[in-house]
Amino acid sequence: MTLALKSARIAYLGPKGTYSQVAAEAFVEQFSVNDENSESILQPLAEIEDIFTAVVDGTADFGVVPLENSTEGSILPTLDAMANTTVIILAEYLLRIEHCLLASVGQSLSSLKGVAAHPQALGQCRQWLKTNLPHCDLLPLNSNAEAALLARQEPNMAAIAGAAAADLYELEILHFGIEDKTDNTTRFILITANKRLRESSSGQDKTSLILKVHNQPGTLFRALEPFYRQGINLIKLESRPSKKTIWSYFFYIDLEGHISDPDVAAALNELTRLGIDHQILGSYPAKRMA
């Protein structure tokens with residue numbers, strides 16, 4: 001089924017001016033339809049958990065959340081929320097992240113006392129900050145746009161955010177490109193609670209799922225063996241605490257292929273036969289960097 005995001009309500013991590021907004025706009029453009037009379041309604045929300053809640057309770061039709069960064073790894077609130085809701089992934093988008101150091105007009109590096117940003121952004125700029133602003137306190141916030149708003153309000157405070165946030169929040173760009181890795185990229189996903197919207201195979205797909213196995217010897221091996229036997233490449237495997245019982249975990253997996261592919265279907269059927277609890281999060285076209 002072809003997606004159409006025009007006139008849809010799309011929740012993203014706000015406030016305005018975040019990379020999540022850029023990703024949301026990219027999804028709208030990718031899945032746009034020729035209807036000039038309809039416009040998507042972008043809804044900025046304060047936290048990732050709020051986006052999942054909005055999608056599940058129906059106050060948003062879709063959600064856009066960051067899933068992982070090439071430098072700092074997985075966005076843990078996203079992994080945890082996916083394990084505890086019934087949303088599915090419809091698409092992914094890879095966004096090249098170029099961080100800027102923003103501050104109110106007239107500030108300089110020597111006048112700054114603090115730098116605010118999302119924890120992921122602080123991590124992605126760790127070495128630059130250590131080299132150029134060792135005297136500054138680092139303040140983690142829910143989003144880089146929230147940090148930009150704080151920098152506008154507080155003297156001697158800087159923010160890490162995209163260049164678009166400078167105009168939006170009337171800030172000066174003190175430095176461009178302060179990320180430590182020049183290929184710094186964040187993977188965003190488009191989620192929904194409507195399971196009827198699963199895409200058919202594109203021929204170059206990715207499937208995401210969660211395994212919930214008992215804390216016993218060999219259970220993870222038994223869960224992964226079907227993928228090995230079917231020759232399926234596992235792209236990502238990460239454990240997270242289940243937060244239900246102590247020392248119990250779930251495993252997030254990305255694999256190459258679509259659930260309708262015979263080899264993937266056979267591996268998933270084997271999981272069912274073995275009684276291994278698994279939650280399919282979605283199959284969708286795999287994106288590559290341009």
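## Salt bridges in a predicted model

At 10% relative accessibility, glutamate 179 counts as buried, because buried means under 20% relative accessible area. The model in which this residue lies is predicted.

Glutamate 179 is in the loop between strand E10 (172–176) and strand E11 (185–192), whereas arginine 96 belongs to strand E5, so the contact ties together parts that are 83 residues apart in sequence.

The structure holds 14 salt bridges. Among them are the following.

| Pair | Closest N and O atoms |
|---|---|
| Lysine 236 and glutamate 68 | 3.2 Å |
| Lysine 206 and glutamate 92 | 3.1 Å |

Lysine 236 forms its salt bridge with glutamate 68. Because lysine 236 lies in strand E13 (residues 234–241) and glutamate 68 in strand E3 (residues 62–69), this pair ties together parts that are 168 residues apart in sequence. Both lysine 236 and glutamate 68 are buried.

A salt bridge also joins lysine 206 to glutamate 92. Here, too, distant parts of the chain are linked: lysine 206 is in strand E12 (residues 205–212) and glutamate 92 in strand E5 (residues 88–96), 114 residues apart. Lysine 206 and glutamate 92 are both buried.

Through shared partners, salt bridges join Glu68, Glu92, Arg187, Lys206, Lys236, Glu238 and Asp254 into one network.

Methods: Residues numbered from 1 in each chain as written. Predicted model: local features only at pLDDT ≥ 70, side-chain atom pairs only at ≥ 80, totals over all residues. Heavy atoms only, no water. Salt bridge = Lys/Arg side-chain N within 4 Å of Asp/Glu carboxyl O. Helix = DSSP H or I, 4+ residues; strand = E, 2+ residues; numbered from the N terminus. Buried < 20%, exposed > 50% of the residue type's maximum accessible area, 1.4 Å probe, protein only.
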